[in-house]
Amino acid sequence: MPRLLILVGIVLIALGLFWLAAERLGFGRLPGDIVFERGNLRVYIPLATSLLLSVILSLIFWLLNR
């Protein structure tokens with residue numbers, strides 16, 4: 001169990017660092033993403049980001065499965 005918790009912690013740290021790097025590169029604010037703002041309400045629908053992430057993950061898993 002301790003090894004699993006350490007592994008989960010390392011994965012979460014890696015994801016956090018990736019997230020910071022991706023934000024600086026503009027990932028998450030692509031032209032196909034939809035944002036509605038009215039007063040104090042903000043609705044963000046990341047369509048283009050989700051599609052791009054899906055394609056990238058599909059390619060990675062396809063390559064690993066070969």
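## Helix α1

Helix α1 has 23 residues, and at 1.5 Å a residue they should span 33 Å; the end C-alpha atoms are 34 Å apart, which agrees. That expected span is 1.5 Å times one less than the number of residues. Helices (H or I, at least four residues) and strands (E, at least two) are DSSP runs, numbered from the N terminus. Just after α1, Gly26 takes a positive phi of about 95 degrees.

This is a predicted model: local features need pLDDT of at least 70, side-chain atom pairs count only at pLDDT 80 or more, and totals for chains, interfaces and linings use all residues. Residues are numbered from 1 along each chain as its sequence is written, and side-chain values use heavy atoms, leaving out hydrogens and water.

## A nonpolar patch

Met1, Leu4, Leu5, Leu7, Val8, Val11, Leu12 and Leu15 make a nonpolar surface patch of about 820 Å². Patch residues have over 30% relative accessible area and no salt bridge; like charges are joined within 9 Å, and nonpolar side chains (Val, Leu, Ile, Met, Phe, Trp, Tyr) within 5 Å. A salt bridge is a side-chain nitrogen of Lys or Arg within 4 Å of a carboxyl oxygen of Asp or Glu. Areas come from the Shrake-Rupley method with a 1.4 Å probe; for residues, only the protein chains shown count as cover.

Take Val8. Its place is in helix α1, residues 2–24. Val8 counts as partly exposed because its relative accessibility is 40%. The scale runs as follows: buried is under 20%, exposed is over 50%, and partly exposed is in between (1.4 Å probe, protein chains only). An α-helix has 3.6 residues a turn, so residues three or four places apart point the same way.

## Asp33 and its partners

Asp33 lies in the loop between α1 and β1 (34–38). Asp33 is buried, at 12% relative accessible area. Its side chain makes a polar contact of 2.8 Å with that of Thr49, and one of 3.0 Å with that of Tyr44. The Asp33 side chain also reaches the backbone nitrogen of Ala48 at 3.1 Å. A polar contact is a pair of N or O atoms within 3.5 Å; within protein, one must be able to donate a hydrogen and the other to accept it, and residues adjacent in sequence count only if both atoms are side-chain atoms.

Thr49 lies in helix α2, residues 47–65. Thr49 is buried, at 10%.

## Leu41

Leu41 lies in strand β2, residues 41–45. Leu41 is exposed, at 53% relative accessible area.
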